[in-house]
Amino acid sequence: MRRLTRFTLFTFFFFIAFLITVHTAYADKILISQADIKEGLDFCSEFPVSLQVDGETVVSDVPPVIIKDRTLIPARAVFESMGADVEWNEDARLVEVNLGTSNVQLTIDSKIAFVNGSQTSMDVPAMILNDRTLIPVRFVGESLNCAVDWDNLNRTVILSSPVINEYTGISDITFTEDTDKYRVVVEGKDVIEGIKSFAYSKPERFVIDIKNALLNIEEDRIDTNNDLISSIRFSQFEPGVVRVVIDLEDKIAGKISFSPEKDSIYIDFSKSQEDDDKKLGETTQDGLAVVDWGAAEKLVVIDPGHGGKDTGSRAIRNGEVILNEKDINLDIAHRLNRLLQEAGVSTYMLREADTHISLYERPALANAANAYLYISVHNNSADNPKAKGVETFYYSKENESNYGIYSKDLAKMIQKEMVNTLGLFDRGAKSEPAYAVLNKTQMPAIIIEGAFLSNADDLKLMMTDEFREQYARSAAKSIIKILDMGAGD
Ligand SMILES: [Zn+2]
């Protein structure tokens, strides 16, 4: 971390924007000194930071301040303007913010926070400056499901209230037959927010629940009467949930995909029985086990870390970029996607090319897709060139038993596979509640940090095909195993 001078102003702006809007996987462990606070206050009095809540500028008697790259804002002025309830307990030095069903508790000068009753940690604590309580805006805002953005040009923090979803109308459900497959198409009038699917036996049926949806169709079934699908039934199963039931003649899992606009769902059933016999319960061409029938429809989100303007870590030698983390992450993610699909797992890549997705969007996309499991693919870097090896992060959420998948078990399995197959130094599977992709996702989630771009030996390995394939393979093997364990049926 550098000392600030006028000459490094541009770098400073860039660095703030980078840390605030982009840097996803690292919870920077920062120590705050009185000098840091003074530096932040002095700089922000010269270059003030403004605040916008739902499009309106909020003026408070104490302006926001950036300390050690984290923006702190006056709690009351901001969160009360969006309808939150802000309470201050003098004796306990406790700030409590309630918005909708979300609750955040912060103690002055403590990095431990409670979000909806669960303990988590922050980089920068709430503090009292000029007799006002200032709280870290990104941490609190995101914990309350608000979107938090930073407009670097105007030095403005932009805060948006949580979005309350309206129901998407389901306008048509159709059935088509192709030479090699049957296809059920569910058409929405707008983006389909999310789905959940199940496979049941005796009688065999494949069920898709579409959330935040309203059925706008007169009919309630299609009789197909072919050798694979006997009928398709649909109903407004619950307020806001449309259920589509596909009655099957055999245990064939539907492959679910979305239209590019995400306003239609396709459910495909392969016609080729031999093909399916080969695929179900056996091994793929890459020698991986095929998932169980009950696990095939469980959507696995693959998150290739960083992308676009966010390069992630970089390996630079003699002034030249040898490797961008975003590129190797994407390569590994594509391999993982291929291996999982071959094994019959439903997957969803958060990005397929070199595009930028914000920290906030990643978990939101996975939640919207109603994913069953979230795998974030990263590689590592450190100031110390000796730091090397693989580490895997998890965050044991209370609801993991609903999924039958425990992120800690999965992290340990992948960690072990990576160490064994690639001979990487074992940094262990670690609990990390502070990472947004772990704590903002509803489903079990892990982050894999494969190896260090900043370590010469690791980097040499990372440049090989073998490393990328084995990374993907170690992850795929463990994911298939854990999906099967949670499949039941
Ligand atoms: Zn990364």
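**Entry 1: strand β4**

I began with L72, whose bridge partner in β11 is P136. Strand β11 (residues 132-136) and β4 pair in the antiparallel sense, over three bridges. I note for myself that two strands count as paired if DSSP finds at least two bridges between them. Helices (H or I, at least four residues) and strands (E, at least two) are DSSP runs, numbered from the N terminus.

Before going on, I wrote down the ground rules: residues are numbered from 1 along each chain as its sequence is written. This is a predicted model, where local features need pLDDT of at least 70 and side-chain atom pairs count only at pLDDT 80 or more, while totals for chains, interfaces and linings use all residues.

Next I checked the other partner of β4. Strand β3 (residues 65-67) runs antiparallel to β4, joined to it by three bridges, and I66 has T71 as its bridge partner in β4. The β3-β4 hairpin has two residues between the strands, and K68 there takes a positive phi near 50°.

Is β4 enclosed or open? Five of the five residues of β4 (residues 70-74) are buried, so the strand is largely enclosed by the rest of the structure. Buried means 20 or more other C-beta atoms within 10 Å of the residue's own, exposed means 12 or fewer, and partly exposed is in between, with C-beta atoms placed from the backbone. In a regular strand the side chains alternate between the two faces of the sheet. In β4 both faces are covered: R70, L72 and P74 are buried on one side, T71 and I73 on the other.

**Entry 2: a four-strand sheet**

I then looked up an open sheet with mixed pairing and the strand order β2-β1-β13-β12. β2 (56-58) and β12 (147-151) are its edge strands, each pairing on one side only. From one strand to the next, the twist averages 30°, taking axes as lines fitted to C-alpha atoms (for helices over the stretch in contact) and angles from 0 to 180 degrees between N-to-C directions. Inside the sheet, β1 (residues 50-53) and β13 (residues 156-160) run parallel and are joined by four bridges. V53 stands opposite L159 in β13.

**Entry 3: two asparagines**

N225 has phi near 50° and lies in the loop between β19 (221-223) and β20 (229-238). N370 has a positive phi of about 55° and is found in the loop between α7 (361-368) and β28 (373-380).

Which of these is buried or exposed? N225 is exposed, with 9 other C-beta atoms within 10 Å. N370 has 22 C-beta neighbours inside 10 Å, so it counts as buried.

**Entry 4: whole chain and confidence**

I counted up the protein: twelve helices and 31 strands. Of its 489 residues, 42% count as buried. For contacts (C-beta atoms, placed from the backbone, within 7 Å), I looked at those with a separation of 6 or more, and 67% of them are between residues 24 or more positions apart.

Average pLDDT (the predictor's confidence in each residue, from 0 to 100) is 84, and 90% of the residues score at least 70.

Methods
Contact = placed C-beta atoms within 7 Å.
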